[in-house]
Amino acid sequence: MTRDLQIINPKYVASAVRKDQYPELSLPEIAFLGRSNVGKSSLINSLCNQRGLARVSGEPGKTQTINFFSAEIREKDHDEVMRTPLCLVDLPGYGFARAGGKKRQMWSSFISEYITSSPRLRMLCLLIDLRHPGLAIDGQAYDWLAASGVHLQIIGTKSDKLKSNEKKKNLAILDAMFPADSSAVAYSALKKEGREVLLERFINTIADAE
Ligand SMILES: Nc1nc2c(ncn2[C@@H]2O[C@H](COP(=O)(O)OP(=O)(O)O)[C@@H](O)[C@H]2O)c(=O)[nH]1
Ligand SMILES: [Mg+2]
């Protein structure tokens with residue numbers, strides 16, 4: 001049986017480029033990262049049911065700050081309501097065409113500062129375009145994130161653009177190429193596919209850490 005899970009009270013909290021600008025929320029954090037244009041902001045908006053929460057851009061490389069959003073996952077189980085407060089973190093995208101070596105390095109020092117100085121980071125979600133499951137640049141990000149020791153979740157985005165047999169095949173490729181703490185999830189911001197599974201993984205991972 002599927003659980004009745006919703007994100008409620010989503011709020012933009014702050015943007016940061018350095019750790020002294022990170023908000024002090026004392027909330028467990030779930031961070032999203034991946035190539036520019038892979039669908040990070042759209043995923044956050046669709047999880048929260050709020051269109052303009054994280055900016056969505058057709059132009060790659062727009063989000064150059066770390067953006068923090070507070071929210072709660074509400075679970076209804078008959079008459080009982082449980083709430084899990086959390087912070088969603090939208091990290092800058094990597095690998096857009098015009099970014100050369102230097103910019104890429106900047107990205108990684110930026111992200112590694114966040115990963116190493118966030119004691120409440122509970123899960124890293126690496127978003128990969130489900131149509132292109134084997135890009136070298138995603139492999140580099142994976143290698144690096146897998147070594148961080150933080151719970152890793154692979155998300156195959158824009159799943160509405162694939163037929164169901166392609167979806168299955170490419171998810172299997174993601175699982176084989178990028179083994180993580182739990183299996184890859186197909187996600188569509190348009191169709192909201194994958195939403196419940198992800199929310200369930202978020203609350204389970206947060207609960208496990210407590
Ligand atoms: N068809 C489809 N398009 C999507 C989906 N998610 C994002 N997009 C589109 O992909 C583009 C980039 O999305 P955005 O969320 O800004 O990516 P970000 O750079 O990773 O934050 C936008 O034009 C979105 O409308 C999805 O699930 N399905
Ligand atoms: Mg974005």
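Ala, Val, Leu, Ile, Met, Phe, Trp, Tyr, Cys and Pro count here as nonpolar, Asp, Glu, Lys and Arg as charged, and the others, Gly among them, as polar. By these classes, the shell around ligand 1 has four nonpolar, seven polar and five charged residues. The model is predicted: local features need pLDDT of at least 70, side-chain atom pairs count only at pLDDT 80 or more, and totals for chains, interfaces and linings use all residues. Residues are numbered from 1 along each chain as its sequence is written, chains are lettered from A and ligands numbered from 1 in the order in which they are written, and side-chain values use heavy atoms, with hydrogens and water left out.

| Residue | Protein atom | Ligand 1 atom | Distance |
|---|---|---|---|
| Gly 39 | polar backbone atom | oxygen | 3.0 Å |
| Lys 40 | side-chain N or O | oxygen | 2.8 Å |
| Asp 160 | polar side-chain atom | nitrogen | 2.7 Å |

Now the aromatic rings. Rings of Phe, Tyr and Trp (its six-membered ring) pair if their centres lie within 6.5 Å; planes under 30 degrees apart count as stacked, over 60 as edge-to-face and the rest as tilted. The count comes to six aromatic pairs. Tyr 12 and Phe 69 have ring centres 5.8 Å apart and planes at 65°, so they pair edge-to-face. Phe 69 is buried at 2% relative accessible area (buried means under 20%, exposed over 50%, partly exposed in between; 1.4 Å probe, protein chains only). Tyr 12 is partly exposed at 47%. Ring pairs also link Tyr 22, Phe 68 and Tyr 114 into a cluster.

Key. A polar contact is a pair of N or O atoms within 3.5 Å; within protein, one must be able to donate a hydrogen and the other to accept it, and residues adjacent in sequence count only if both atoms are side-chain atoms.
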